Amino acid sequence: MKRAEDRYSRNRLFVTPEEQLRIAQCKLFFGGSGLGSVIAECALRFGFENIFIIDGDNVELSNLNRQNYLYEDIECSKSENLYNRLKRINPKANIGYATEFLDGNNIGKYLEGTSIAINALDFASDVPFLFDEYCLENGVSVLHPYNLSYAGFVTVVDRRDTLLSQLGGWNDFELRMGDFIISNLEKKGEETYWLSNVVEALKDEKKKMPLPQLSVGSWITAGLCTKVLFNIATGRDVEIFPNFYYLSVL
């Protein structure tokens with residue numbers, strides 16, 4: 001049996017023993033386990049050992065191109081399967097899950113005691129905004145991750161004047177966020193034609209379809225999120241919305 005300290009021995013020089021202990025004790029809450037499934041594994045392998053996941057969805061075939069599930073998981077609970085996967089990676093980690101959707105009635109119940117929250121919920125209602133409101137009221141920083149297919153994007157909400165709802169309501173929120181990202185990247189001199197073309201094509205689609213996303217973006221975003229989680233957990237400064245973290249392979 002390997003010693004417990006061997007698990008993170010390759011983190012040395014990048015993470016001090018004191019920092020490793022702090023992140024192990026930090027309680028992460030994942031609202032949604034689609035993109036959240038990839039982020040959760042990256043964070044667990046880094047050393048975050050207190051994780052709670054909530055999602056009422058089941059795994060679908062179309063999830064397998066970018067989410068952290070297997071063919072055999074199809075039609076089974078996302079959160080339960082993610083729980084089982086994470087426990088196989090670190091059986092001693094404190095991981096919990098719930099197989100239901102967050103709503104205005106249960107947010108407080110599940111978020112109690114959270115250190116940092118990851119809001120990876122679908123914008124199919126105002127629940128993602130309620131999630132942020134509750135976290136702000138209780139001093140919890142919230143990460144909003146986005147898979148941009150060939151890039152990753154993460155922004156942090158931790159003050160009332162940084163709420164994402166200032167971009168508008170939940171209906172078509174992802175498209176407005178896409179416009180926000182493109183506009184701000186252009187100001188920084190980044191190439192955005194590949195993303196702006198997709199956003200405009202989505203606006204022209206007659207039938208409302210799920211957003212196209214690639215596995216590349218999921219893993220980039222997971223890496224960005226894990227670094228931001230580490231910074232918050234160890235007391236480092238982080239960029240706050242409307243500032244953001246962005247990384248592209250293009």
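## A charge over a ring

The charged end of Lys188 lies over the ring of Phe244, 5.4 Å from the ring centre. This term applies when NZ of Lys or CZ of Arg is within 6 Å of the ring centre and within 35 degrees of the ring normal. The model is predicted: local features need pLDDT of at least 70, side-chain atom pairs count only at pLDDT 80 or more, and totals for chains, interfaces and linings use all residues. Residues are numbered from 1 along each chain as its sequence is written, and side-chain values use heavy atoms, leaving out hydrogens and water.

## Phe244 and its partner

Phe244 also forms a tilted aromatic pair with Phe153, at 4.9 Å centre to centre and 35° between the planes. Rings of Phe, Tyr and Trp (its six-membered ring) pair if their centres lie within 6.5 Å; planes under 30 degrees apart are stacked, over 60 edge-to-face, and the rest tilted.

Phe244 has a relative accessible area of 12% and is therefore buried; Phe153, at 0%, is buried too. Buried means under 20% relative accessible area, exposed over 50%, and partly exposed in between (1.4 Å probe, protein chains only). Tyr146, Phe153, Phe180, Phe241 and Phe244 make up one aromatic cluster.

## Another aromatic pair

The count of aromatic pairs comes to 13. One of them joins Phe129 and Phe173: the ring centres are 5.5 Å apart and the planes stand at 80°, so this pair is edge-to-face. Phe129 and Phe173 are both buried.
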